[in-house]
Amino acid sequence: MLKVTQDLSRLKRGLSLTKVKEYRVVMKTQGIPCVSELKNENKIQEMIKCIFTGLARLHQGNFIHCDIRLPNVVYIPESPNKFNYVLINFEHGFYNRRTCNEKLSGYNDNTLTTAGCYTTTSEMYQLGKMLEALSSRISSNQGKGFVEKLKSKKLIAKLALKHSWINHSS
């Protein structure tokens with residue numbers, strides 16, 4: 001597990017055994033809030049491609065993040081694997097088609113299915129809303145159309161990665 005987190009965080013203190021026999025690891029995130037980096041459409045395309053790459057892998061394993069919002073995306077300036085934007089805060093993550101008893105901030109009536117479940121298409125919808133918040137920086141019709149397609153829940157992460165807007169700079 002440490003190998004997975006090595007690119008994103010550094011061990012701040014060593015492992016310690018508490019009196020209740022729990023291991024605690026204190027880590028410091030290397031990334032910075034991404035909003036200041038998203039100055040134009042090309043940067044937004046780069047960010048969304050990184051997020052979809054991670055989500056495609058997550059969804060392939062039948063997992064969902066459940067809390068996709070700009071504050072949960074960090075920018076890692078010197079990422080060794082060229083994925084400079086990373087989705088963080090997986091405390092609400094779960095298996096796909098999770099019945100949702102708690103609506104997180106940012107959820108609205110279109111986030112969940114009619115059965116009240118959060119699914120992989122809910123993630124696409126939330127990403128569409130996240131991009132919509134950046135709409136003043138998305139000038140191309142193709143980019144605007146992509147946002148609408150996400151919000152319509154007609155894409156999955158794996159297919160979104162193949163979309164021409166993600167793969168071509170404006």
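Leaving aside its neighbours within four places in sequence, Ala160 is in contact (heavy atoms within 4.5 Å) with Phe52, Phe146, Leu155 and Ile166. The model is a predicted one, in which local features need pLDDT of at least 70 and side-chain atom pairs count only at pLDDT 80 or more, while totals for chains, interfaces and linings use all residues. Residues are numbered from 1 along each chain as its sequence is written, and side-chain values use heavy atoms, with hydrogens and water left out.

Ala160 lies in helix α5; helices (H or I, at least four residues) and strands (E, at least two) are DSSP runs, numbered from the N terminus. At 0% relative accessibility, Ala160 counts as buried. Here buried means under 20% relative accessible area, exposed over 50%, and partly exposed in between, with a 1.4 Å probe and protein chains only. Along the chain, Ala160 and Lys49 are 111 residues apart, yet their C-alpha atoms are separated by 8.5 Å.

## Overall composition

The secondary structure of the protein comprises six helices and eleven strands. Of the 170 residues in the protein, 40% are buried. Among contacts with a separation of 6 or more, 55% come from residues 24 or more positions apart.

## Nonpolar cores

A nonpolar core is a set of buried Ala, Val, Leu, Ile, Met, Phe, Trp, Tyr and Cys residues joined through side-chain atoms within 4.5 Å. The largest such core has 30 residues, and those with the most contacts inside it are Met47, Ile48, Phe52, Leu127, Met130, Leu131 and Phe146. Two or more residues are given to this core by each of α2 (41-60), β7 (73-75), β8 (85-87), α3 (120-132), α4 (141-151), α5 (157-160) and α6 (164-167). The most comes from α2, with eight residues. A second, separate core has seven residues, including Ile64, Cys66, Leu104 and Tyr107.

Leu127 is in contact with Ile48, Ile51, Phe52, Leu55, Ile68 and Leu150, its neighbours within four places in sequence being left aside.

## Packing of α2 against α3

The axes of α2 and α3 come within 12 Å and cross at roughly 170°. Axes are lines fitted to C-alpha atoms, for helices over the stretch in contact, and angles run from 0 to 180 degrees between N-to-C directions. The two helices, α2 and α3, are therefore roughly antiparallel to each other; angles under 35 degrees count as roughly parallel, over 145 as roughly antiparallel, 65 to 115 as roughly perpendicular and the rest as oblique. The crossing of α2 past α3 is right-handed. A crossing is left-handed if the near helix is turned anticlockwise from the far one by less than a right angle, and right-handed if clockwise.

On the α2 side, the contact is made by Ile44, Met47, Ile48, Ile51, Phe52, Leu55 and His59, and on the α3 side by Thr120, Glu123, Met124, Leu127, Met130 and Leu131. By class, these residues are ten nonpolar, two polar and one charged. Ala, Val, Leu, Ile, Met, Phe, Trp, Tyr, Cys and Pro count as nonpolar, Asp, Glu, Lys and Arg as charged, and the others, Gly among them, as polar.

## Packing of α3 against α4

The axes of α3 and α4 come within 7 Å and cross at roughly 145°, and α3 passes α4 in a left-handed crossing. Met124, Tyr125, Leu127, Gly128, Lys129, Leu131 and Glu132 of α3 meet Phe146, Val147, Glu148, Leu150 and Lys151 of α4 in this contact. Its residues divide into seven nonpolar, one polar and four charged.

Leu150 is placed in helix α4 and is buried, with a relative accessible area of 0%. Not counting residues up to four places away in sequence, Leu150 touches Phe52, Met124, Tyr125, Leu127, Gly128, Leu131 and Leu155. Leu150 and Thr121 are 29 residues apart in sequence and 8.3 Å apart in space, C-alpha to C-alpha.

## Loop residues

Most residues other than glycine have a negative phi. Asn62, in the loop between α2 and β6 (63-64), has a positive phi of about 70° and is partly exposed at 38% relative accessibility. Asn89, in the loop between β8 and β9 (94-95), has a positive phi near 60° and is partly exposed, with a relative accessible area of 33%.

Ser135 is in the loop between α3 and α4 and is partly exposed, with a relative accessible area of 43%. Ser135 and Glu41 are 94 residues apart in sequence and 9.1 Å apart in space, C-alpha to C-alpha.
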